[in-house]
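Hi everyone, thanks for coming. I'd like to walk you through one model today, so please have a look at it with me.

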Amino acid sequence: MPKALNIIRDEHRSIAAVLHGMQHLVRQIRERKAKIDPRVFRAMLYYLDTFSERMHHPKEDRFLFEPLRRRGAGADALIAELEREHASGAQSLRRVEQCLIRYEEGGDGEFTEFAQEVDRFALGYWDHMRKEEERVFPLAEKLLTPEDWAAIDRAFEENLDPLASERDERDFRKLFSRIVNLAPPPIGVGPSA
């Protein structure tokens, strides 16, 4: 399997962990009336914004989808659909953020809309990643040449993004650790002493 596809799968796992964490925290509020530190949600949203929207999706568009399109893969409709989903990702994330703000400011009366928006966002994101892994990956493995893969792998291996620096990667690891530490068990270990 090409290295780039393994990198994307690893990134998808990180994103899925954050999505699962968001839904878990919403369930804690719904089922246990738990008071969740909003910094946890904000850190999760920040992670999705800075990593998924600014690095992960542009990388897929440029280095995976574009070569497939050039190969005449016959997947133009699928690729266009995924690119539209990438383009609307920031707007979807903002809707979750706005619902969080309304819930923080408006209290329990705003919780239902916030919970529904988190679920809608997570389910949509999982569906998107599933399309990539189940439909695009096999097509790419079938149609792209070893030369295509060498270029794609190289692009994905260069700090996982041609514009990222080592500092950025350390920042993402630090942010992910912060999310884990802020979240209550079973997601996180709780605040550090």
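Let's begin with a pair of histidines: the side chains of His12 and His56 make a polar contact of 3.3 Å. By polar contact I mean a pair of N or O atoms within 3.5 Å; within protein, one has to be able to donate a hydrogen and the other to accept it, and residues adjacent in sequence count only if both atoms are side-chain atoms.

Before going on, a word about where this comes from. This is a predicted model, so local features need pLDDT of at least 70 and side-chain atom pairs count only at pLDDT 80 or more, while totals for chains, interfaces and linings use all residues. Residues are numbered from 1 along each chain as its sequence is written, and side-chain values use heavy atoms, with hydrogens and water left out.

Back to His12, which sits in helix H1, residues 3–32. Helices here are DSSP runs of H or I with at least four residues, strands are runs of E with at least two, and both are numbered from the N terminus. Is His12 buried or exposed? His12 counts as buried because its relative accessibility is 3%. The cut-offs are under 20% relative accessible area for buried, over 50% for exposed, and partly exposed in between, using a 1.4 Å probe and protein chains only. Setting aside neighbours within four places in sequence, His12 is in contact with His56, Glu60, Met129, Glu132 and Glu133. Contact means heavy atoms within 4.5 Å.

A polar contact of 2.8 Å links the side chain of Gln23 to that of Asp119. Not counting residues up to four places away in sequence, Gln23 touches Val118, Asp119, Ala122 and Trp126.

Now let's zoom out. How many helices and strands does the chain have? There are six helices and zero strands, and reading along the sequence gives the pattern α-α-α-α-α-α. The chain has 193 residues, of which 45% count as buried. Among contacts with a separation of 6 or more, 74% are between residues 24 or more positions apart. The accessible surface of the chain is about 10300 Å², and carbon and sulfur atoms account for 51% of that.

Next, how the helices pack. Helix H2 (residues 38–70) and helix H3 (residues 76–106) meet at an angle of about 170°, with axes 10 Å apart. H2 and H3 are therefore roughly antiparallel to each other. By class, their contact has 14 nonpolar, three polar and eleven charged residues. On the geometry, axes are lines fitted to C-alpha atoms, for helices over the stretch in contact, and angles run from 0 to 180 degrees between N-to-C directions. Angles under 35 degrees count as roughly parallel, over 145 as roughly antiparallel, 65 to 115 as roughly perpendicular, and the rest as oblique.

H2 also packs against H5, at an angle of about 175° and with axes 10 Å apart. That pair is therefore roughly antiparallel as well. Which residues make the contact? From H2 they are Lys59, Glu60, Phe63, Leu64 and Pro67, and from H5 they are Trp149, Ile152, Ala155 and Phe156. They divide into seven nonpolar, no polar and two charged. For those classes, Ala, Val, Leu, Ile, Met, Phe, Trp, Tyr, Cys and Pro count as nonpolar, Asp, Glu, Lys and Arg as charged, and the others, Gly among them, as polar.

Leu64 is buried, because its relative accessible area is 1%. Leaving out residues up to four places away in sequence, Leu64 touches Leu5, Ile8, Lys59, Val136, Phe137, Ala140, Leu144 and Trp149. Leu64 and Asp153 are 89 residues apart in sequence, yet 9.7 Å apart in space, C-alpha to C-alpha.

Pro38, also in H2, is partly exposed because its relative accessibility is 31%. Its C-alpha atom lies 8.2 Å from that of Leu100, 62 residues away along the chain.

I'll finish with a loop residue. Lys33 is in the loop between H1 and H2, and Lys33 is exposed because its relative accessible area is 65%. The phi of Lys33 is near 55°, a positive value in a residue other than glycine. Most residues other than glycine have a negative phi.

Terms used:
Accessible areas come from the Shrake-Rupley method with a 1.4 Å probe; for residues, only the protein chains shown count as cover.
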